[in-house]
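Work through the exercises below with the sequence and the model at hand. Each task is followed by a solution in steps.

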There are 2 protein chains.
Amino acid sequence: MGRTEVVSRALSGDIRAVSRLISLIEDCVPGFEGLYSEIYPFTGKAHVIGITGPPGSGKSTLVDKMAAVCRERGKTVGIVAVDPTSPFTGGALLGDRLRMQRHALDDGVFIRSMGTRGQLGGISRATSGAVDVLDAAGYDYVIIETVGVGQSEVEIASIADTVVLVQVPGLGDDIQVIKAGVMEIGDLFAVNKKDRPGVERVVAEIRIALELSSVASRGGGGTSRIAGSAGHHGVSALGAAGSEREETVDEEAARPCWHPPILQTLAETGEGVGELFDACDEHMRYLAGTGELDDRRYRRARSETMQIASGRIWRGLTDDRGAFAAAEELAWKVARREIDPYSAGNELYEMIVK
Amino acid sequence: MGRTEVVSRALSGDIRAVSRLISLIEDCVPGFEGLYSEIYPFTGKAHVIGITGPPGSGKSTLVDKMAAVCRERGKTVGIVAVDPTSPFTGGALLGDRLRMQRHALDDGVFIRSMGTRGQLGGISRATSGAVDVLDAAGYDYVIIETVGVGQSEVEIASIADTVVLVQVPGLGDDIQVIKAGVMEIGDLFAVNKKDRPGVERVVAEIRIALELSSVASRGGGGTSRIAGSAGHHGVSALGAAGSEREETVDEEAARPCWHPPILQTLAETGEGVGELFDACDEHMRYLAGTGELDDRRYRRARSETMQIASGRIWRGLTDDRGAFAAAEELAWKVARREIDPYSAGNELYEMIVK
């Protein structure tokens, strides 16, 4: 079977083809699944690093400096900047253009920003596609940068091999320094803006939170981090409820454990960024050495497979004229309080399944 | 059929029963659907107001003052405080307890906080349940307070009759004052902390953004707001893609239009809060007078019905041992790059549907 030209060019590292291929997959143009199947066999080589943290923690600057470190070491890097709160995409953001300019003459750095573009729930699929294109195109590292605002960061973290949680001193009460539930997804912690007062307190808080979560999960410091991280890679907006079984716990109990390091950085000057990068590499060696890398990537694959199947079921429901008409009729009854939403939903379900 | 005791007591306004019923529905305890069907016929009377805005905009204080205004006017109010970024729930938050104390001796104010509790995607269902319980229990107003961080605010806004977007001067660059895509969900704008410098600029920015969105959608000031608001009430995490048809546009074109007012408030002192409340009442009169209220509630019902049906389909997929085993096998192939995720997802879909 002949390869599509845009795919051939993207695989050879042609930046414009890479960019175009990401757009085609992001927009789910007719035939995008075929393009995806062409690039997919070439994926799995890049180290995918997810960077997340609250607004104002300096993630963008940190990622820029990480890219610079990458280049100093002779490696290439693709950056996917995801803002789940923004409908803009495709490099339309001003900040993004400024960043582009800084690396404009360097083919070893590719930057792409993604917004929601109104597709609620679709951002993790689009991000996954962009990551796979960059991976297939031969970038050594792919960095996913996302603002830490709840569900989306957890979803996006599930795509990464290594998750860096960025914290920063002095963000005030309203933005919690460490949100429980998000803590567990961190493989590394970077306390940025380390010249600010309060940096030691943030480090201490992270340390305490790590110890607490270590004690809380399965009663021991040894295997708990692994068990904890085993959980997050199966999480998805749809699959969180039932898809994560306990099968991975026992086999992993005998492995060496990963203690998430806490690093201090000053992204503006680049201080500590080399060490952060070293720690990411160290984490990858740990993943590869213990077999955890295969497990993570398997869980990502399972989550995506189930999401895609579920998406097709949902599309079948909304595209099917008959099902949609039935949903409309039931909804009017619900709106008139003749039946409740659960009875209506169950009735619709019974109708579809038969 | 006899009514369950907790339902009877909640319907008579017993605060402990209301609280218990919300928990039972939130936790999806066995039989919760039956409880839901008992209370549902008594819903639809409350005016449901959604309040959303960025962290630090003073939403909680504003909502507290709105509750006070409510009580001065002899009305009762239920408050559902939703934090999609927090796993805490059920009044466990310190801030929430403090708020509870302030209204502790007043049966006319009920406050409840909801977190994600690890149920990604489940928060809008849980919020919807709490709103319906409070509505059935006879509260005149139900206020949903949620932090504005992307998808969740849009989902939660879809439950409300009236959506108030809270903005505030001087939040800095990283937190955008008005995010496109969220703009459209606002029926009213409250610029809080109006004693701060920059308040006029925020008001002007909102005005310009409103004019732009008015011009952008369907080329005219007249019907665009209605068309815009018609869209958001059908939005859900799952249903955004295909469920919103164009059927409501034509019939609404002839209606009088709603121009979202921009109010200035100082929640700390209560300044402007009475006017904000008046504007909410005015919006409800508009909704009721034009028939838009029925349309919004119909769209909420349709979205919920389809979500519930879809949830059952998904549960069927994850609970079915055979389907889960097939998903696992396919996922290993994906992880080994033998097939791509879309081929695997489609194969799983075909298997389930047959």
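**Exercise 1. Find the residue of S4(A) that stands opposite Thr52(A), and describe the pairing of the two strands involved.**

Step 1. Thr52(A) faces Thr146(A), a residue of S4(A). Strands here are DSSP runs of E with at least two residues, helices are runs of H or I with at least four residues, and both are numbered from the N terminus.

Step 2. Strand S1 (residues 47-53) of chain A and strand S4 (residues 141-147) of chain A run parallel and are joined by seven bridges. Two strands pair if DSSP finds at least two bridges between them.

Step 3. This is a predicted model, in which local features need pLDDT of at least 70 and side-chain atom pairs count only at pLDDT 80 or more, while totals for chains, interfaces and linings use all residues. Residues are numbered from 1 along each chain as its sequence is written, and chains are lettered from A and ligands numbered from 1 in the order in which they are written.

**Exercise 2. Give the strand order of the open sheet in chain A and name the strands at its edges.**

Step 1. The seven strands of this open sheet follow the order S3-S2-S4-S1-S5-S6-S7 (chain A), and the pairing is parallel.

Step 2. The edges are strand S3 (109-114) and strand S7 (262-264) of chain A; each has a single partner strand, so one side of each lacks a neighbour in the sheet.

Step 3. On average, neighbouring strands of this sheet are turned by 20° against each other, direction ignored. Axes are lines fitted to C-alpha atoms, for helices over the stretch in contact, and angles run from 0 to 180 degrees between N-to-C directions.

Step 4. Helix H11 (residues 273-290) of chain A lies across S1, strand S5 (162-167), strand S6 (188-191) and S7 of chain A, at about 175° to S6(A).

**Exercise 3. Describe how H2(A) packs against H3(A).**

Step 1. The axes of helix H2 (residues 15-26) of chain A and helix H3 (residues 32-39) of chain A come within 9 Å and cross at roughly 130°. That makes H2(A) oblique to H3(A). The classes are roughly parallel for angles under 35 degrees, roughly antiparallel for those over 145, roughly perpendicular from 65 to 115, and oblique for the rest.

Step 2. The crossing of H2(A) and H3(A) is left-handed. A crossing is left-handed if the near helix is turned anticlockwise from the far one by less than a right angle, and right-handed if clockwise.

Step 3. From H2(A), Leu21(A), Leu24(A) and Ile25(A) meet Phe32(A), Leu35(A) and Tyr36(A) in H3(A). Residues are in contact if their C-beta atoms, placed from the backbone, lie within 7 Å.

Step 4. By class, the contact of H2(A) with H3(A) has six nonpolar, no polar and no charged residues. Ala, Val, Leu, Ile, Met, Phe, Trp, Tyr, Cys and Pro count as nonpolar, Asp, Glu, Lys and Arg as charged, and the others, Gly among them, as polar.

**Exercise 4. Describe how H2(A) packs against H6(A).**

Step 1. The axes of H2(A) and helix H6 (residues 123-136) of chain A come within 9 Å and cross at roughly 155°. H2(A) and H6(A) are therefore roughly antiparallel to each other.

Step 2. The crossing of H2(A) and H6(A) is right-handed.

Step 3. H2(A) contributes Val18(A), Leu21(A), Ile22(A), Ile25(A) and Glu26(A) to the contact, and H6(A) contributes Ala126(A), Gly129(A), Ala130(A), Val133(A) and Leu134(A).

Step 4. By class, the contact of H2(A) with H6(A) has eight nonpolar, one polar and one charged residues.

**Exercise 5. Is Lys193(A) buried or exposed? Where is Asp83(A)?**

Step 1. Lys193(A) lies in the loop between S6 and helix H8 (199-216) of chain A. Although Lys193(A) is not a glycine, its phi is positive, about 55°.

Step 2. Lys193(A) is buried, because 24 other C-beta atoms lie within 10 Å. A residue is buried with 20 or more other C-beta atoms within 10 Å of its own, exposed with 12 or fewer, and partly exposed in between; C-beta atoms are placed from the backbone.

Step 3. Asp83(A) is in the loop between strand S2 (77-82) and helix H5 (94-102) of chain A. Asp83(A) is buried, with 25 other C-beta atoms within 10 Å.

Terms used: Contact = placed C-beta atoms within 7 Å.
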